[in-house]
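Subject: The model for you to look at

Hi there,

Here is the model I said I would pass on. Could you open it alongside these notes and tell me how you read it?

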Amino acid sequence: MSTPTDPWHFPRPELAQAYLQGFDLGLTSARGLFARRRMGKSEFLKHDLLPAARKAGYLAAYTNLWDDTEHPGQALATAILLAVQPKGLGRFWEELNTPIGKLKGGAKLPLGFDASMELDLAAKEKAAVPAIQAALQAADKANKRLLLVIDEAQVLAAPQHKAVAHSLRAGLDIRKPAIKVLFAGSSEAALREMFSRSAAPFYNWAPLEPFPLLGREFVEATVRQPGQRCQAAAEAGRCAEGLCRVEGDARVFFVGTSSAT
Ligand SMILES: Nc1ncnc2c1ncn2[C@@H]1O[C@H](COP(=O)(O)OP(=O)(O)OP(=O)(O)O)[C@@H](O)[C@H]1O
Ligand SMILES: [Mg+2]
């Protein structure tokens with residue numbers, strides 16, 4: 001996985017600023033971005049957008065709903081809580097409607113939970129609706145704007161997650177000036193379903209647009225990496241598919257060029 005100090009990371013500060021400025025202008029409080037698999041969405045969101053948002057004074061929450069597609073409610077509540085009051089996470093769940101001590105089961109806990117606690121994830125997902133509302137209330141107290149980034153957001157379009165989606169939508173509706181939301185996904189069709197079906201909770205809630213793909217600059221920057229054998233990458237800059245293979249590093253980039261879209 002890439003890290004902020006990853007020497008191979010190609011930073012995209014202008015793109016991050018463009019999204020933040022869009023929110024600052026106030027024209028919309030939410031946006032939906034789609035691109036095919038392996039096009040650099042998550043890397044950009046985590047390593048460019050989130051740091052830029054924090055620098056601009058936002059609290060920044062990120063969750064990838066593919067980490068656990070069965071329990072998006074917990075993932076969302078946990079992500080918001082981690083951004084607004086990271087130390088109170090264990091107590092937060094204890095204070096919810098379903099007392100944590102009564103929950104049972106041995107499933108693995110999502111990131112951020114005390115690993116010594118054994119909880120039934122299905123039971124916790126039932127607590128997810130009040131958990132999301134409580135997490136949003138905690139965000140209200142933070143006195144800072146929050147950027148909520150929901151990666152693989154199309155998971156919320158599944159019928160079994162309708163209650164969570166409704167709850168999230170209701171909570172976000174009344175906090176548009178304070179909470180900006182970026183939905184991202186690799187399935188354009190599923191994201192469109194989420195925002196264009198009139199019965200769906202997020203109907204018409206965010207404009208959906210393509211995520212700008214890495215282009216020639218990325219390939220050129222990769223080729224300039226010192227000490228690397230990147231002939232194939234140089235060729236990639238000329239190929240319509242924009243495939244950049246960095247040999248000798250066991251690292252392969254699959255990127256689309258803007259011209260290929
Ligand atoms: N800005 C970047 N700089 C360097 N490498 C990148 C960059 N963006 C993407 N990559 C490379 O491409 C890989 C795929 O990127 P990423 O996981 O962000 O794609 P994705 O669009 O989120 O894919 P998926 O839809 O499968 O989640 C990364 O693991 C990394 O190796
Ligand atoms: Mg991704």
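Residues are numbered from 1 along each chain as its sequence is written, and chains are lettered from A and ligands numbered from 1 in the order in which they are written.

**Confidence**

The average pLDDT (the predictor's confidence in each residue, from 0 to 100) is 79 for the chain, and 72% of the residues score at least 70. Residues 99–118 have a pLDDT below 50, and this stretch has 31 contacts in the model beyond near neighbours in sequence; a contact here means that two C-beta atoms, placed from the backbone, lie within 7 Å. Residues 238–261 also stay under 50, with 52 contacts beyond four places in sequence. Where pLDDT is low, the predicted coordinates should not be read in detail.

**The chain as a whole**

The chain has 10 helices and 7 strands, taken as DSSP runs numbered from the N terminus (helices: H or I, at least four residues; strands: E, at least two). Of its 261 residues, 38% count as buried. For burial, 20 or more other C-beta atoms within 10 Å of a residue's own make it buried, 12 or fewer exposed, and anything in between partly exposed, with C-beta atoms placed from the backbone. Among contacts between residues at least 6 apart in sequence, 67% join residues at least 24 apart.

**The sheet**

An open, parallel sheet is formed by 5 strands in the order β2-β3-β4-β1-β5, where pairing requires at least two DSSP bridges between two strands. Its edges are β2 (59–64) and β5 (208–210), each of which pairs on one side only. From one strand to the next, the twist averages 20°; axes are lines fitted to C-alpha atoms, for helices over the stretch in contact, and angles run from 0 to 180 degrees between N-to-C directions.

β1 (residues 30–34) pairs with β5 over 3 parallel bridges, with Phe34 partnering Pro210. Helix α8 (residues 188–196) packs on the sheet, touching β1, β4 (179–185) and β5, and its direction makes about 155° with that of β1.

β1 is also joined to β4, by 5 bridges in parallel, and there Gly32 stands opposite Phe183. On β4, 7 of the 7 residues are buried, so the strand is largely enclosed by the rest of the structure. Ile179, Val181, Phe183 and Gly185 point one way, while Lys180, Leu182 and Ala184 point the other.

β3 (residues 146–151) pairs in parallel with β4 over 5 bridges, and Leu148 has Val181 as its bridge partner. Together with helix α7 (residues 162–173), β3 and β4 make a right-handed β-α-β unit: with the strands pointing away from the viewer, the path from the first strand over the helix to the second runs clockwise.

**Residues to look at**

Two non-glycine residues have positive phi. Arg38 is near 60° and sits in the loop between β1 and α2; it is partly exposed because it has 14 C-beta neighbours inside 10 Å. Glu152, at about 50°, lies in the loop between β3 and α7 and is buried, with 22 other C-beta atoms within 10 Å.

Best wishes

How values were computed
Predicted model: local features only at pLDDT ≥ 70, side-chain atom pairs only at ≥ 80, totals over all residues.
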